[in-house]
Amino acid sequence: MTVRESFADAATGGSAAAQATSAASSAEPVSRPATAGPGLGGRCLLGLGGLAALLALWWLGTDVLSPAGGMARRFSPGATFASLAELLTASDLPMHILVSLRRIAVGLGFALLIGVPLGLAIGSWRRLEAAVSPAMQFLRMISPLSWMPIAVMVFGVGDDPVYFLLTFAAVWPIVLNTAAGVQQLDPRWLQLAQSVAATRWETLRSVILPGVLGHILTGVRLAIGILWIVLVPCEMLGVSAGMGYFILDTRDRLAYSELMAMVLMIGVLGFLLDAGARALYRYWRG
C-alpha cells in the first residue's frame, strides 16, 4: 500500500466516523440564532452604502466646507475622477501601474521562497525556533523603510533596493504563519506517515504542505497588505517608473487632481489585490 493510499484510507475512515456522528446528532434539535447576518446581496448593498458615505464625506470636505479658492477644492471628487479618466486613457499611468505590480510580484515571490522553507524548518524543530526566534522578532520589528538609505548604498539606484525592501517587509508574516501551521498539525497524521514508512519528502508533500497551505495563504494576504503600504515610499528611491514615482511627479508639476487620482487608484488596486487573496483562500477551503 502506498503512502497516498494509506492517507486516503485514513481519510475515508475519518469521513465515515464524521457521517455517523452527524447522523447521531441530527436526531437532536439544533438551536439556531434568532437573527442571521445579511446575505451576499445585503452585504454588497451595505458595502456600496459605506463607499457612498465615504464619497459624500469627501465631497463635503472639498466642495462644500472648504472656502472658495482654497487648496482643498483642488482635490475634489469631480476634478479627481476627470483626471483619473484622462490618465487611464491618454497617459503612461497604465505603464506605471504594471511596473508597480511587477515589483509586488517579485517581492512576494522572494518572500515565499525564503519564508516558506524557513517557516517549515522553524515549525518542525523546537531548538531551531528557540535559536532564531529572538533574532527574528528583533528584525521584524524594524521598519522596512528605515533600511532605505542602506539599501541604496548597498544595491545602488534602481529596482534592486526596492526588491530588497519589499522582500524584507513581506517575509515575516509568511514565516510566522507557516511555522504556526506546522506546529498546529494533527500529530496523528504524522504518526500515520511514520507507520507506512513514508520518506521525509513524502511526508512533506502529502501531509505537511497540504496541512499548512491555509496558514501560508493567510500569511500571503497579510504580506500583500504590508507590501502595498511599503511600495509607494520605496518607489521614491530614484526609480524612473512606478506609482510612487508618479506621485512625486504630480507633486512637482503641481497637478493636484492627478495626485489625488493616483491616490484613489492605489486604494482601488490594493482593494482588488486583497480581494483576490481572500478569494484564493476561500477557493482552497472549498
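**First stop: H10**

Select helix H10 and look for its buried residues: Met-243, Gly-244, Phe-246, Ile-247 and Thr-250. They sit on the same side of H10, because the arc they cover around the axis is only 160 degrees. Keep in mind as you click around that this is a predicted model.

Now bring up the surroundings. H3, H4, H9 and H11 are what the buried residues of H10 pack against.

**Next: into the core**

Which residues have the most contacts inside the largest nonpolar core? Highlight Leu-108, Val-212, Trp-228, Met-243, Met-262 and Ile-266; the core itself has 49 residues. At least two core residues come from each of H3, H4 (93–124), H6 (148–155), H7 (159–183), H9 (200–234), H10 (243–252) and H11.

Zoom in on Ile-266. Setting aside neighbours within four places in sequence, its contacts are Trp-228, Val-232, Met-243 and Ile-247.

**Last stop: H3 against H11**

Show H3 (residues 77–90) together with H11 (residues 256–285): their axes are 8 Å apart and the packing angle is about 80 degrees. The two helices are therefore roughly perpendicular to each other.

For the contact itself, select these two sets:

- on H3: Ala-79, Thr-80, Phe-81, Ser-83, Leu-84, Leu-87 and Leu-88
- on H11: Ser-257, Glu-258, Met-260, Ala-261, Leu-264 and Met-265

Colour them by class and you'll get nine nonpolar, three polar and one charged residues.

Note on methods. Residues numbered from 1 in each chain as written. Predicted model: local features only at pLDDT ≥ 70, side-chain atom pairs only at ≥ 80, totals over all residues. Heavy atoms only, no water. Axes fitted to C-alpha atoms, helices over the stretch in contact; angles between N-to-C directions. Helix = DSSP H or I, 4+ residues; strand = E, 2+ residues; numbered from the N terminus. Parallel < 35°, antiparallel > 145°, perpendicular 65-115°, else oblique. Contact = heavy atoms within 4.5 Å. Nonpolar A, V, L, I, M, F, W, Y, C, P; charged D, E, K, R; others polar. Core = buried A, V, L, I, M, F, W, Y, C linked by side-chain atoms within 4.5 Å. Buried < 20%, exposed > 50% of the residue type's maximum accessible area, 1.4 Å probe, protein only. Arc of directions from axis to C-beta.
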